[in-house]
Amino acid sequence: MYTDTSKKVGGNMKRALLILCLLASVGITILFGRLADFQIPDKVPFATAEQVIEIHSVMSDAQLESYSKLRFWDMIFPLAYGGTLLLAISLLAGRLQFSSGIHRLLLAPAVITIISDYLENSLLISILASWPETAWPVSVVGYFGGIKTIAISLSMLIVLLLLLRQLQLFIRTRCVRCAP
C-alpha cells in the first residue's frame with residue numbers, strides 16, 4: 001500500500017525525470033540542427049524507397065559521415081523525447097485520477113512512438129551500413145517514420161487535452177472559491 005509520502009516522492013521523481021528528458025530532447029534537437037543541415041530520411045514521414053535512395057544519393061561524403069555520427073544520437077533521442085511524452089502524460093493523467101486502464105490507453109501512443117522510432121533508426125543504420133548498395137529495409141523504413149509521426153501527433157494531442165482539462169478544473173475550483 002502506498003502512503004501519501006511515497007506518492008509524493010514518486011511524483012517528484014517523475015517530475016525530475018521529465019525535466020531531464022525534456023532537457024536531453026532539446027539538447028539533441030540542437031545537435032541535430034548543427035550536424036544535419038541537409039535533408040535526412042528521418043524527416044520524411046512515409047518516405048518511399050525511391051525517396052530514401054534519392055536522399056542518400058545526394059549526400060556528399062562529408063554529409064554521409066555527419067549522418068553516420070547522427071545515428072548514435074538518434075538512438076538516444078527516442079528515449080529522451082518519448083520519456084518526456086510518457087512522463088508528461090503519466091503525471092497529468094495521474095493528477096486527473098483516471099483508472100489504470102484509461103491511464104495505460106493514454107500512454108499507448110507514446111510507447112508506439114518510441115518503438116516505431118527505434119525500428120526506423122535501426123533500419124536507417126542498416127541502410128547506411130550497406131550504402132551505396134540498397135538493402136531491403138529501404139522499402140519499409142518510411143512506414144515506421146509515418147507511424148512515428150502519427151503516434152507523436154496523438155501523444156502531443158493527449159498532452160494538450162490533459163492540460164486543457166487541468167486548466168478547466170483549476171478555473172472551476174478557483175471560481176467556486178471566489179464566488180460570493
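This is a predicted model: local features need pLDDT of at least 70, side-chain atom pairs count only at pLDDT 80 or more; totals for chains, interfaces and linings use all residues.

Trainee: Which residues touch the most other members of the largest nonpolar core?

Mentor: M59, Y67, I89, I127 and L162 do, in a core of 39 residues. A nonpolar core is a set of buried Ala, Val, Leu, Ile, Met, Phe, Trp, Tyr and Cys residues joined through side-chain atoms within 4.5 Å. Buried means under 20% relative accessible area, exposed over 50%, and partly exposed in between, with a 1.4 Å probe and protein chains only.

Trainee: Which helices supply at least two residues each of this core?

Mentor: α1 (4-35), α2 (49-57), α3 (61-95), α4 (100-130) and α5 (141-178). The largest share, 13 residues, comes from α3. Helices here are DSSP runs of H or I with at least four residues, numbered from the N terminus.

Trainee: And what does L162 touch?

Mentor: Leaving out residues up to four places away in sequence, L162 touches I89, L92, A93, L96, F98 and L106. Contact means heavy atoms within 4.5 Å.

Trainee: New topic. Is T113 buried or exposed?

Mentor: T113 is buried, because its relative accessible area is 0%. T113 sits in helix α4, and its contacts, not counting residues up to four places away in sequence, are Y81, K148, A151, I152 and S155.

Trainee: How many salt bridges are there in the whole structure?

Mentor: A search finds 3. A salt bridge is a side-chain nitrogen of Lys or Arg within 4 Å of a carboxyl oxygen of Asp or Glu. R71 pairs with D74, with the closest N and O atoms 3.0 Å apart. Both lie in helix α3, 3 residues apart, about one turn of the helix.

Trainee: What about K148, which residues does it link with in a network?

Mentor: D117 and E120. The closest N and O atoms are 3.8 Å apart for D117 and K148. D117 lies in helix α4 and K148 in helix α5, so this pair ties together parts that are 31 residues apart in sequence. For K148 and E120 the closest N and O atoms are 2.8 Å apart.

Trainee: Why does K148 count as buried?

Mentor: Because its relative accessibility is 10%. E120 also counts as buried, at 2%.

Methods
Residues are numbered from 1 along each chain as its sequence is written. Side-chain values use heavy atoms; hydrogens and water are left out.
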